[in-house]
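I opened the model to look up strand pairing and charged side chains. My entries follow in the order I made them.

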Amino acid sequence: MSHASLLKKLVLVVIGMFAFAFALVPLYDVFCDVTGLNGKPSLDVAEKSETVQASRAVDVSFTTHSQRNAPFEVKSHQYSVNVKPGEMAEVKFSAKNLSAQSRVMQAVPSVSPGKAAKYLHKMACFCFDQQPFSANQEVEFTLVFYVDTELPEEIKELTLSYTVFDISEATASNAVLAKQKAG
């Protein structure tokens with residue numbers, strides 16, 4: 001085999017790898033849609049529900065955990081609630097900065113089963129915004145949501161899970177960059 005032939009094959013392999021890497025994100029999204037994995041709910045404020053399906057009930061449970069030693073403790077005041085599709089529900093959450101420094105928290109929601117994510121609508125959620133905390137500060141948040149009346153009948157329970165991140169360093173870096181651009 002000549003060097004030119006080997007070079008052509010290696011270039012084709014590199015191009016093929018690049019094309020595969022480029023297509024990986026859309027392929028992953030299609031895979032998640034088909035399998036119902038990775039329940040990413042919308043982070044947009046929902047419109048108020050107009051109808052309630054009184055003949056049906058859905059259990060919605062809540063879990064939280066902090067990522068990579070984020071110094072926050074977040075917990076819901078209720079483990080779960082039983083709601084009728086279309087009915088507005090409120091759940092209180094407590095969040096505490098466990099560090100002796102000011103920190104910024106970001107909560108990222110996910111829904112399980114994943115195919116239920118598009119049927120859980122949030123009107124108010126601490127996940128919509130970055131949440132600044134003073135040292136050792138504790139704050140109470142209210143989640144206001146409803147389950148869409150179009151939720152498939154076979155789904156009788158779902159879990160709204162929050163992963164909490166400490167984004168203090170990222171927000172500090174962004175503030176420095178903004179000052180540099182302004183000055």
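I started with Lys-96 and found Glu-138 of strand 8 opposite Lys-96. The model is a predicted one, so I kept to its limits: local features need pLDDT of at least 70, side-chain atom pairs count only at pLDDT 80 or more, and totals for chains, interfaces and linings use all residues. Residues are numbered from 1 along each chain as its sequence is written, and side-chain values use heavy atoms, with hydrogens and water left out.

**Entry 1: the sheet**

I looked up what joins strand 4 (residues 89-97) to strand 8 (residues 138-147), and found eight bridges, with the two strands running antiparallel. Two strands count as paired if DSSP finds at least two bridges between them. Strand 8 also pairs with strand 6 (residues 120-124), in the antiparallel sense and over four bridges. In that pairing I noted Leu-120 opposite Val-147, and Ala-124 with Val-144 as its bridge partner.

**Entry 2: Arg-56**

I found Arg-56 in the loop between helix 1 (3-35) and strand 1 (58-66). Is Arg-56 buried or exposed? Arg-56 counts as buried because its relative accessibility is 9%, and the cut-offs are under 20% relative accessible area for buried, over 50% for exposed, and partly exposed in between (1.4 Å probe, protein chains only).

I listed what Arg-56 touches, leaving out residues up to four places away in sequence: Val-83, Lys-84, Pro-85, Thr-149, Leu-151, Pro-152, Glu-153 and Ile-155. Contact here means heavy atoms within 4.5 Å. With Leu-151, the Arg-56 side chain reaches the backbone oxygen at 2.8 Å.

**Entry 3: salt bridges**

How many salt bridges does a search of the whole structure find? The search finds four, a salt bridge being a side-chain nitrogen of Lys or Arg within 4 Å of a carboxyl oxygen of Asp or Glu.

One of them joins Arg-56 to Glu-153, with the closest N and O atoms 3.7 Å apart. This pair links distant parts of the chain, 97 residues apart, as Glu-153 is in the loop between strand 8 and strand 9 (157-166). Glu-153 is partly exposed at 49% relative accessible area, whereas Arg-56 is buried at 9%.

I also noted Arg-103 and Asp-166, whose side chains meet at 2.6 Å, N to O. That pair too links distant parts of the chain: Arg-103 is in strand 5 (residues 103-112) and Asp-166 in strand 9, 63 residues apart. Arg-103 is buried, with a relative accessible area of 16%, and Asp-166 is partly exposed with 26%.

Lys-75 is partly exposed at 46%, and Glu-73 is partly exposed at 39%.

Technical notes
A polar contact is a pair of N or O atoms within 3.5 Å; within protein, one must be able to donate a hydrogen and the other to accept it, and residues adjacent in sequence count only if both atoms are side-chain atoms.
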